[in-house]
Amino acid sequence: MTELRSRVPVYVPMTFVLLIAGTGMVRTLTQHWREGAVLLGGALIVAAVLRLLLPTDRVGLLAIRSRPIDVLCYGGLGTVIAVLAMTITASLLNGG
């Protein structure tokens with residue numbers, strides 16, 4: 001665990017999550033809303049995994065509350081967003 005702590009600067013986990021979320025926003029703004037939404041959900045799932053695996057002093061801005069609450073919120077919201085984006089079909093969007 002000491003090796004991992006010394007290798008990961010504090011800003012890297014949040015930067016990684018923001019890069020994924022930024023890519024999702026770009027995809028959404030370029031008319032690929034489903035891919036963008038899945039990427040945004042994926043960014044939250046990655047945040048949950050990083051929050052679960054990294055020590056509290058190395059997770060940086062991903063640590064908002066206690067570890068279990070953060071993992072539950074990030075993972076739950078990310079899963080809901082990704083699943084909803086993947087299950088919306090064209091017939092639902094066209095009203096029937």
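**From the surface inward**

I45, V49, L52 and L53 make up a nonpolar surface patch. Together they have about 350 Å² of accessible area. The model is a predicted one. L52, one of the patch residues, lies in helix α3, which covers residues 33-53.

Now take the packing of α3. Two packed helices are described by the angle between their axes and the distance between those axes. Here the partner is helix α2, residues 12-29. The axes of α2 and α3 come within 6 Å. They cross at roughly 170°. An angle over 145 degrees counts as roughly antiparallel, so α2 and α3 are roughly antiparallel to each other. On the α2 side, the contact is made by P13, F16, V17, I20, A21, T23, G24, M25, R27 and T28. On the α3 side, it is made by W33, E35, G36, A37, L39, L40, A43, V46, A47 and L50.

Next comes helix α4, residues 67-87. D70 sits in this helix. Is D70 buried or exposed? Its relative accessible area is 0%. Buried means under 20%, so D70 is buried. Which residues does D70 touch, leaving aside neighbours within four places in sequence? D70 is in contact with R51, L62, A63, I64, R65 and G75.

V83 is also found in α4. Its relative accessible area is 41%. That value falls between the cut-offs of 20% and 50%, so V83 is partly exposed. V83 and V38 are 45 residues apart in sequence. In space, their C-alpha atoms are 7.8 Å apart.

Terms used:
Residues are numbered from 1 along each chain as its sequence is written. This is a predicted model: local features need pLDDT of at least 70, side-chain atom pairs count only at pLDDT 80 or more; totals for chains, interfaces and linings use all residues. Side-chain values use heavy atoms; hydrogens and water are left out. Patches are made of residues with over 30% relative accessible area and no salt bridge: like charges are joined within 9 Å, nonpolar side chains (Val, Leu, Ile, Met, Phe, Trp, Tyr) within 5 Å. Accessible areas come from the Shrake-Rupley method with a 1.4 Å probe; for residues, only the protein chains shown count as cover. A salt bridge is a side-chain nitrogen of Lys or Arg within 4 Å of a carboxyl oxygen of Asp or Glu. Helices (H or I, at least four residues) and strands (E, at least two) are DSSP runs, numbered from the N terminus. Buried means under 20% relative accessible area, exposed over 50%, partly exposed in between (1.4 Å probe, protein chains only). Contact means heavy atoms within 4.5 Å. Axes are lines fitted to C-alpha atoms, for helices over the stretch in contact, and angles run from 0 to 180 degrees between N-to-C directions. Angles under 35 degrees count as roughly parallel, over 145 as roughly antiparallel, 65 to 115 as roughly perpendicular and the rest as oblique.
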